[in-house]
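Please examine the sequence and the model shown here before reading the briefing.

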Amino acid sequence: MSAANYYIKTNRAFTGLRRYAWIFTLLVAIGGLWEPKLGLLVLLVMGGLTVTAFFSGRFWCGNVCPHGSLFDVILQPLSTNRKIPDFLKSKPMMIGFFIFFMFNFGRRVMGAFQAWGTYSFLDRLGFVFVFTYLVVMMLGGALAIFANPRTWCQFCPMGSIQKVSYSLGKTTGVTNKTDRLVTISNPDMCHKCGKCARVCPFQLEPYLEFNENHQFDNANCIRCATCVENCPAGILSIENPATAMELKEDPLPAGYLNRQHITATITSINDLEEDLKEFTFRFEEPSEVHYEAGQFMLVKVTENPEAYRAYSISSFGEDHQHVSMIIKKVEKGYGTEIIFDQFKEGDKVELEGPMGDVLVPEAGTEKMIFVANGIGITPFIPLVKDVLENRKDVKSVKLITGQRYAKDLLYHDYFREMDEKDERFEYQAIVSREDAAGLPRGHVTKLLKEINAAGSKAYLCGTKVMVVDAHRILTEKGLKPEDFFFESEEKISELPGTEQKKTA
Ligand SMILES: Cc1cc2nc3c(=O)[nH]c(=O)nc-3n(C[C@H](O)[C@H](O)[C@H](O)COP(=O)(O)OP(=O)(O)OC[C@H]3O[C@@H](n4cnc5c(N)ncnc54)[C@H](O)[C@@H]3O)c2cc1C
Ligand code: SF4
Ligand code: SF4
């Protein structure tokens, strides 16, 4: 097991309502101490969540709930973000706490009704809600800080009411039309990286539980879309059942048709730089696997939960019996800590792949610009060789790559040699953190501004910032959305044409 934290803190407030709904909690829980009638507003909350749940499960919890907003927006930065203890998620806890809560709440409401018909009745009733809101804020807040932001929500009585309302909606068949669930466009394109589980506020595991309609039908899902926003493959969305069925009909892209489960042995681990190693695997079962330059493979890092990491193929695949990947150790990275600390030569590992076709150049492409930064250079190592050797129709290939330091420029001499040997190939490197002999200083974008890109297709791989900037510069130089192909560890959704180019 890795020492790095499995769960990732990330933005969960994608709408104005989610960002600011916590103000309502403070208004009622604190303001209500001076003006108890403010507590009566909670009746609207209870009505709202019961009605929305009938149509769309715990949608309220992820999109409207003021306490949820407080936990996600204000308290998440302070949270230790640990695993939520299983017993707090259990049915006995949920039912037991519901009875305990409702008994006490009911007693207080009955007490307020003793003042029925008097001037103070509304104040007394309002204060019951104010008190409840304050207690939930303090108890839920403490759990948010010392455990996980959404710990309270696991046994929140309002969550239980929603689940009952939702099952009524399901029984009547209403949810078949109204319910929108997390949907995977195609499970065969999933990296099994578990990022959807690692960012999920409820610590659910969508990638392990999609049903036959490719939907995540879990009554605890709060439809917050945090998994959708973070899936590096860009294959998740929130859809109704009809749209999910349509998506299911979409054909699997060609680059995924040969995806298979592979048992392999690590034959060598070479240190390239500090925190950078090249791992070579020999295929065992099956003993031959065909892959193309520009594709990637998945490496299993944990069995429970089953999780893999995606790595671009850096080898040439001529014998179909081996594959290499260059892997950079990420600071506090969950998977790379396991790979670097536990993987040894001779070990048997599980792979899946090959996958991906985004960076595999289309037939008929005559001019190519490859742009990489950081570890994004790896797919271009076999790609440049493949294109120059096997694609005589290609008239020019430019590779523009950037690293922080000259020592990090992978395969620098190899690419320089190719540049000298083949007049169709041009190699340009740049470093950002030092003045290195013979190299310009800056980022790849600096070099991109100076090139002639007319009539080219651009293949981009690296950090999201670089991909977005490179896209903008090359667009200014006249490239159209259909001229771009990009891959990144992070999801890129803001660029035109992204929908057709899911990385994964
Ligand atoms: C198609 C594709 C190809 C790839 N090819 C390569 C390749 O050739 N070589 C390579 O080295 N990598 C490659 N990657 C990246 C690789 O898949 C992994 O993402 C990478 O190795 C990091 O894995 P990890 O588990 O160590 O990091 P993770 O733990 O998954 O961390 C990933 C990122 O999230 C951040 N993070 C992690 N935990 C937290 C937290 N608790 N709070 C906030 N932020 C957090 C980290 O800072 C890090 O930037 C590729 C990715 C894709 C999608
Ligand atoms: S690729 Fe997306 S759906 Fe698949 S495990 Fe990763 S985050 Fe989840
Ligand atoms: S599965 Fe996705 S939408 Fe559902 S609660 Fe988790 S992150 Fe939110």
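The briefing below covers the sheets, a helix pair and the surroundings of the ligands.

This is a predicted model, in which local features need pLDDT of at least 70, side-chain atom pairs count only at pLDDT 80 or more, and totals for chains, interfaces and linings use all residues. Residues are numbered from 1 along each chain as its sequence is written, while chains are lettered from A and ligands numbered from 1 in the order in which they are written. Helices (H or I, at least four residues) and strands (E, at least two) are DSSP runs, numbered from the N terminus. Two strands pair if DSSP finds at least two bridges between them.

- An open sheet is formed by 6 strands in the order 6-5-8-3-4-7, and the pairing is antiparallel.
- Its edge strands are strand 6 (307–312) and strand 7 (322–328), each of which pairs on one side only.
- On average, neighbouring strands of this sheet are turned by 40° against each other, direction ignored.
- Strand 3 (residues 260–273) pairs with strand 8 (residues 348–355) in the antiparallel sense over 6 bridges; L351 in strand 8 is the bridge partner of I262.
- Helix 15 (residues 334–342) lies across strand 5 (296–302), strand 6 and strand 7, and runs at about 80° to strand 5.
- Axes are lines fitted to C-alpha atoms, for helices over the stretch in contact, and angles run from 0 to 180 degrees between N-to-C directions.

**Surroundings of ligand 1**

- Ligand 1 is surrounded by 26 residues, the closest being S312, G333, Y334, G335 and T336 (a residue is near if its C-beta atom, placed from the backbone, lies within 6 Å).
- Strand 6, strand 7 and helix 15 each supply at least two residues of this shell.
- The shell around ligand 1 divides into 13 nonpolar, 7 polar and 6 charged residues; Ala, Val, Leu, Ile, Met, Phe, Trp, Tyr, Cys and Pro count as nonpolar, Asp, Glu, Lys and Arg as charged, and the others, Gly among them, as polar.

- Ligand 3 has 15 residues around it, with C200, C221, C224, T226 and C227 coming nearest.
- By class, the shell of ligand 3 comprises 12 nonpolar, 2 polar and 1 charged residues.

- Another open sheet has 5 strands in the order 11-10-9-12-13, with parallel pairing.
- Strand 11 (425–431) and strand 13 (484–487) stand at its edges with a single partner strand each, so one side of each is left without a neighbour in the sheet.
- From one strand to the next, the twist averages 10°.
- Strand 10 (residues 396–403) pairs with strand 11 in the parallel sense over 7 bridges, and F425 in strand 11 is the bridge partner of V397.
- Helix 17 (residues 412–421) packs on this sheet, touching strand 10 and strand 11, and its direction makes about 145° with that of strand 11.

**Helix 2 and helix 8**

- Helix 2 (residues 22–29) packs with helix 8 (residues 121–146) at an angle of about 125°, their axes being 8 Å apart.
- Helix 2 is therefore oblique to helix 8 (angles under 35 degrees count as roughly parallel, over 145 as roughly antiparallel, 65 to 115 as roughly perpendicular and the rest as oblique).
- T25, V28 and A29 in helix 2 meet V130, Y133, L134 and M137 in helix 8 (two residues are in contact if their C-beta atoms, placed from the backbone, lie within 7 Å).
- The residues of this contact divide into 6 nonpolar, 1 polar and no charged.
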